[in-house]
Amino acid sequence: MNASAVVLSLSDWWDLLTHFLGLSLMAVGGAITTTTDMHRFLVLDHAWLTDAQFNAAVAIAQAAPGPNVLFVGLMGWSLGLNSGGGLGQGLEAVWLGLMGLGLAMVGILLPSSLLTWLATRWATQNKERRAVRAFKLSLIPLVMGLLLATAWTLARGAGQSATAPVFWGLTVLSTWLVWRTRIHMLWLLGAGAAVGAFLSAWP
Amino acid sequence: MTQRPQSRSALFWAFTWLALQGFGGVLAVAQRVLVDERQWLTPEEFAEEWAAAQVLPGPNVVNLSIMLGERYFGWRGALCAFAGILSLPTVVAVLLASVYAQFANLPAVAGALQGMSAVAAGLVAATALKLAVAFKKHPLPLALNLGLLTAVFVGVAWWHQPLAWVLLPLAVLSYALTWRRLLP
């Protein structure tokens, strides 16, 4: 597919916004849980993005600092660039990129953020109620289970090559260091990046 | 004793700062900045707020920023914290995306990403260990809490079941058990 062939009409932009508005309230557990549907909408149904662009948006947002939901913004950005003929086309493409980014982020965040805000206000006014206290407390063991599951998934993703033991070692070591010491996390991430780069450049 | 943010701009910068340090997700660093450094929340409070942020739809750190902003400064605070967690990181992500294409094929870059996600896994695991103090004052006995924790872990990480299917029944069970043990 030639990415520069993408043309979005006004109603296409509207579709983009409304589709993401609709996904927002389904994103329980984070926006990442709706990626399958985004892939269907953006790549398969409309061909606004290529597969490679879609995957790159997810990977970059994982690697970049900040909330992972930024991958949605990056999809809007590269979709806008496509419709402007690519970054090489200069300012017009950048504006379309920014428009895609803005619409995608507003869509995915607006409904869920409003709901969170309203729920917070309600819960603050009723925090002494037995039902509210029980709700919050009852979630604690579930959240810890989810955290350990996330750690497991990340560690498995990293530790699936010939050099896997090194990466598992990195995971265990950084767990212990963050738990028991006050070492800054950026040092650990930097060290992890250095070890990984060294291993793949000089295997 | 916990502190509270001095101003809305302190809130904005705290969330900007924690977002910019959060590689591969912001949770681990959120715990460190909000609980260890600024002491705006106790570990127990953090676990509760985090849990609620996780169950509501939407990205959990964005939800957390809205919840804390609202708690200290009302809707203006919620907006400031929301802006903090998203503004600068969006700029950084777009810049990264713009240079990524040129270096994506270098093996060293792929390796560095792999190393960083191995470390990120450790950061998340350590966060869970630190939050375990919340079990001390919990109305449920430790064994029950650990059972619920294990059920979530196995369902999500090993059986790869959809999140909602695992969480909904276990949340109902956990809620019923906790509710019964709380004094009215």
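**View 1. The surroundings of B:L170 in a predicted model.** Leaving aside neighbours within four places in sequence, B:L170 is in contact with A:L142, B:L148, B:A151 and B:V152; contact means that two C-beta atoms, placed from the backbone, lie within 7 Å. This is a predicted model, in which local features need pLDDT of at least 70, side-chain atom pairs count only at pLDDT 80 or more, and totals for chains, interfaces and linings use all residues. Residues are numbered from 1 along each chain as its sequence is written, while chains are lettered from A and ligands numbered from 1 in the order in which they are written.

**View 2. B:L170 within its helix.** B:L170 lies in helix 7 of chain B; helices here are DSSP runs (H or I, at least four residues), numbered from the N terminus. With 21 other C-beta atoms within 10 Å, B:L170 is buried, a word used when 20 or more other C-beta atoms, placed from the backbone, lie within 10 Å of a residue's own.

**View 3. Helix 3 of chain B.** Residues 43–55 form this helix of 13 residues. Because 10 of the 13 residues are buried, helix 3 of chain B is largely enclosed by the rest of the structure. Among the buried ones are B:F46, B:W50 and B:V55.

**View 4. Where chain B meets chain A.** Here 90 residues of chain B are in contact with 83 residues of chain A. Helix 5 of chain B supplies the largest share of the side of chain B that touches chain A, with 24 residues. The residues on that side divide into 64 nonpolar, 21 polar and 5 charged (Ala, Val, Leu, Ile, Met, Phe, Trp, Tyr, Cys and Pro count as nonpolar, Asp, Glu, Lys and Arg as charged, and the others, Gly among them, as polar).

Note on methods
Helix = DSSP H or I, 4+ residues; strand = E, 2+ residues; numbered from the N terminus. Expected span 1.5 Å × (residues − 1). Buried ≥ 20, exposed ≤ 12 C-beta atoms within 10 Å, placed from the backbone.
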